[in-house]
Amino acid sequence: MTKDQKVQLVEDLSQKLAACDYFYIVNSATMTVDEVNTFRKACFSKGIEYQVVKNTLIAKALDKLDTQTDYAELKEGALKGMSGILFSPESGAAPAKVLKDFQAGMPKDRKIPALKAASIDGGLYVGENHLEALTAVKSKAELIGDILGLLQSPAKNVVSALQSSGQTLSGLLKTLEEKGE
């Protein structure tokens, strides 16, 4: 790869990283070609892009980002060996679920591809031990929906109570009216 191609790759990678709030770095070094192809298909079916990139190029792309996140821990802890990046534009949990599902189909002694690190809305998670927690991460839209549901709940309870007591009151008045005749 020429120097110009590397510069272009770093530029493209930094643009993807800037545009995507969720990305995962995985170790896929011991995967066979068939396993890599199967993993790519699983990612594609969930709308996730998987790209294998040299660690030095990932580090340079992270350096070009104009964010307040300090990626030093990610660079020191995750950018060793062979690395691939999962880009998820929609959900922070989707790549974790794909990784977990793919690992579940592997023999127990092979946890591949292994999670090296993840960046979720600027928060860093380094290490395979975070995979289970990352499967439960909710997107911003899901969180907003939960908050709206919680805000609507008291109003629904009041309306429901008023409606049910209104029916009870009208039933009581009707019964009293019938007894009076």
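Hi everyone. Let me start with a definition: by a salt bridge I mean a side-chain nitrogen of Lys or Arg within 4 Å of a carboxyl oxygen of Asp or Glu. With that in hand, the structure you see above, which is a predicted model, holds 6 salt bridges. I'll walk you through some of them.

Let's begin with glutamate 35 and arginine 110, whose side chains meet in a salt bridge at 3.0 Å, N to O. This pair ties together distant parts of the chain, 75 residues apart: glutamate 35 sits in helix α2, residues 33-45, and arginine 110 in the loop between α5 (94-104) and β4 (114-120). How accessible are the two partners? Glutamate 35 has a relative accessible area of 14%, so it is buried, while arginine 110, at 25%, is partly exposed.

Next up is lysine 100 with glutamate 132, a salt bridge of 2.6 Å, N to O. Here too the pair links distant parts of the chain, with lysine 100 in helix α5 and glutamate 132 in helix α6, residues 131-134, 32 residues apart. Lysine 100 counts as partly exposed because its relative accessibility is 32%, which falls between the 20% cut-off for buried and the 50% cut-off for exposed.

Then we have lysine 138 and aspartate 146, where the closest N and O atoms are 2.6 Å apart. Lysine 138 is partly exposed at 40% relative accessibility, and aspartate 146 is partly exposed as well, with 34%.

Now, away from the charges. Please find isoleucine 120 in strand β4. Is isoleucine 120 buried or exposed? Its relative accessible area is 8%, so isoleucine 120 is buried. What does isoleucine 120 touch, leaving aside its neighbours within four places in sequence? The contacts are Asp21, Tyr22, Tyr24, Gly92, Tyr125, Leu134 and Val137. Take aspartate 21 from that list: this residue is 99 residues from isoleucine 120 along the chain, yet their C-alpha atoms are separated by 6.1 Å.

Last stop, the surface. Ile144, Ile147, Leu148 and Leu151 make a nonpolar surface patch of about 410 Å². Leucine 151 counts as exposed because its relative accessibility is 60%, and exposed means over 50%.

Key
Residues are numbered from 1 along each chain as its sequence is written. This is a predicted model: local features need pLDDT of at least 70, side-chain atom pairs count only at pLDDT 80 or more; totals for chains, interfaces and linings use all residues. Side-chain values use heavy atoms; hydrogens and water are left out. Patches are made of residues with over 30% relative accessible area and no salt bridge: like charges are joined within 9 Å, nonpolar side chains (Val, Leu, Ile, Met, Phe, Trp, Tyr) within 5 Å. Accessible areas come from the Shrake-Rupley method with a 1.4 Å probe; for residues, only the protein chains shown count as cover. Buried means under 20% relative accessible area, exposed over 50%, partly exposed in between (1.4 Å probe, protein chains only). Helices (H or I, at least four residues) and strands (E, at least two) are DSSP runs, numbered from the N terminus. Contact means heavy atoms within 4.5 Å.
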